[in-house]
Amino acid sequence: MVFFPPGENGFRSLYEYLYSYRESVNITYSGLENLISENAFYMMKKIKDELSSDEIFQKKVNFISQCLLNNNSLFIKFINAKKYCSSYKKTILPGVKEGISGSALWGYNIGINKNLKKENRNNIKQILSYLCSKDTHRKITIEKKLLTPISSLYEEEEVCKNVDCKLFKSIQPILRPTSEDNNNYYFNFLNYFYEYLFQKRTLNDTIKGILDLTKIYYISIGTKENNAGLIITLLISFILMFISVSFFYLLNKNFLENFIFIPIDFWILSMLGSILILLVCFLDMGKYTVLKCHLKVFIFSVAFSLETIPLLYKLIENFPIKITFFTYINKNHHYFLLFFIIFDILFNLLCIISPYTIKCKIITDGQNFHVCFMSERFGKILILILFAYKLLIIINCLLLMIIEWKINDMQYEVNNLFIILFIYTLSYIFFVIINTIEIDHYIICFVLKTSINIIFALSNYIYILYIGNKMTINNINLMNKKINIKKWIVDTSEASIPSTSYVVKENTFSDIYSVNFQVK
């Protein structure tokens, strides 16, 4: 008679049965994905259908206890009971092969308060020493007939007079697997098994469902579980190659000589920011660690500064009102950027005081995965300040744009800057949303995060590249117009036409150039 009642007892009964299906005594349990485990499930269902019934398999503990007191059963699988009919004999559980068995261990836990006063710690040590001593275990084994983990006691004649030492020594124990939520784990484990035994769930679905209860899924470059990691890796590699090749191509085409949108070094650092944001995607691959969690925040915060501070500097440079502080920034733009980078570094070092923890998201009928989780209140405040600080940079850029847009001569330039700021703002909003909402699928979570990073980095780089290229063409056209004007002046002077003076008004963002002639 075999029974699998709901709860921990039924789980233990099933798990030790599966353990008895391993290939040999000397190997440990290899997992449900092994073919032998499939045979174990199949055999249990066969026993239920041919030798027992659905009703008996679902009986409660009281029914089995009553069976132990009479001799109406041929075989009963139960715990190490003290009271049973003399017609029965205790043996180890049979396995798939002779000599193979399995018994799930269970016992009592002792909890000790870590905040104990120093004077009480020695008392606790004495209590634990007594409870774990060989003498105490000898007494409990003899009097209570309980199994002891001190195997040497089964060699003592006094102990063997009171308990079946041969039986106890032949037991092949196994520790139960644990989960962050044991009660739900036991329930779901048995629920999958019940659906296979009594309903129509397939064997493959049953085993996969049980595996997913404790298995932690993560993104990898390999294709064993999914192709998301490989696809994203190839895509990012292609983008990085595009950025590198385009940079050196433009360098050879004298692009940087004509690039006057922002300082050359700022443009290069902005490109570096795009690359760093792309590299953050790789930190979401593989198993999560506390170091990875902090590196993601650090790299993103530095990359965001490298992307946005050049834009803020350009707006300060174009500001129409003369302000002493703005003048200082214009003359020391390297220190301006360095201030924000140092702030990012110091702020992220401060976050180490309240480190991240790795939280396991348990997904019912799904795939569990790890996420970075800030559990400490101080850490949450720091992260909130970091997000607010980045948002403040965007707001300052927006305010400067509104002021400068009112000036007609700067509207075209501000419009171009606004598009860049719009890209930053939209990407930032999506970044905050994706990292705040609860997503219950690890692949969707990964794809959304990496998509935001890729769009942010690539759109920013391409648009700044577009503006720079347009400015380069405009500057070349302007130089050609200047040359043509000078040639025209020379030609007209040779033809004895009255000399003229001219003024060239140039706008680096527009194609509109005017030449005013005044006759002397």
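Modeller: The protein chain has 19 helices and seven strands; both are DSSP runs numbered from the N terminus, with helices being H or I over at least four residues and strands being E over at least two. This is a predicted model, in which local features need pLDDT of at least 70 and side-chain atom pairs count only at pLDDT 80 or more, while totals for chains, interfaces and linings use all residues. Residues are numbered from 1 along each chain as its sequence is written, and side-chain values use heavy atoms, with hydrogens and water left out.

Of the 520 residues in the protein chain, 40% are buried, where buried means under 20% relative accessible area, exposed means over 50%, and partly exposed lies in between (1.4 Å probe, protein chains only). The chain exposes about 30500 Å², with 61% of it supplied by carbon and sulfur atoms; the areas come from the Shrake-Rupley method with a 1.4 Å probe, and for residues only the protein chains shown count as cover. Taking contacts between residues at least 6 apart in sequence, 64% join residues at least 24 apart; contact means heavy atoms within 4.5 Å.

The helix to look at is α14, residues 290-317. Two packed helices are described by the angle between their axes and the distance between the axes. Axes are lines fitted to C-alpha atoms, for helices over the stretch in contact, and angles run from 0 to 180 degrees between N-to-C directions.

Start with helix α17, residues 377-405, which packs on α14 at an angle of about 15°, with the axes 10 Å apart. That angle makes α14 roughly parallel to α17, since angles under 35 degrees count as roughly parallel, over 145 as roughly antiparallel, 65 to 115 as roughly perpendicular and the rest as oblique. The crossing of α14 and α17 is left-handed; this is the term when the near helix is turned anticlockwise from the far one by less than a right angle, and right-handed is the term if clockwise. On the α14 side the contact includes V297, F304, T308 and L315, and on the α17 side it includes I383, Y389, I393 and M401. The residues of this contact divide into 15 nonpolar, four polar and two charged. Here Ala, Val, Leu, Ile, Met, Phe, Trp, Tyr, Cys and Pro count as nonpolar, Asp, Glu, Lys and Arg as charged, and the others, Gly among them, as polar.

Next is helix α16, residues 333-351, which packs on α14 at about 155°, with the axes 10 Å apart. α14 is therefore roughly antiparallel to α16. The crossing of α14 and α16 is right-handed. From α14, H294, F298, V302 and L306 are among the residues that make the contact, and from α16, F336, F340, D344 and C351 are among them. The contact of α14 with α16 divides into 14 nonpolar, five polar and one charged.

The partner left to describe here is helix α15, residues 324-331, whose axis lies 9 Å from that of α14 at an angle of about 125°. α14 and α15 are therefore oblique to each other. Their crossing is left-handed. Y313, I316 and E317 of α14 meet F326, I329 and N330 of α15, and these residues divide into four nonpolar, one polar and one charged.

Now some residues elsewhere. Q367 sits in the loop between β4 (357-361) and β5 (368-373). With a relative accessibility of 18%, Q367 counts as buried. Not counting residues up to four places away in sequence, Q367 touches K208, D212, Y217, H441 and Y442. I443 is 76 residues from Q367 in sequence and 9.7 Å from it in space, C-alpha to C-alpha. I443 lies in helix α19, residues 442-494, and is partly exposed at a relative accessible area of 22%. Apart from neighbours within four places in sequence, I443 is in contact with I219, N226 and A228.

I239 belongs to helix α11, residues 228-252, and is buried, with 5% relative accessibility. Neighbours within four places aside, I239 is in contact with L278, I454 and L458. I239 and L278 are 39 residues apart along the chain, and their C-alpha atoms are separated by 8.8 Å.

L272, in helix α13 (residues 264-283), counts as partly exposed at 37% relative accessibility.
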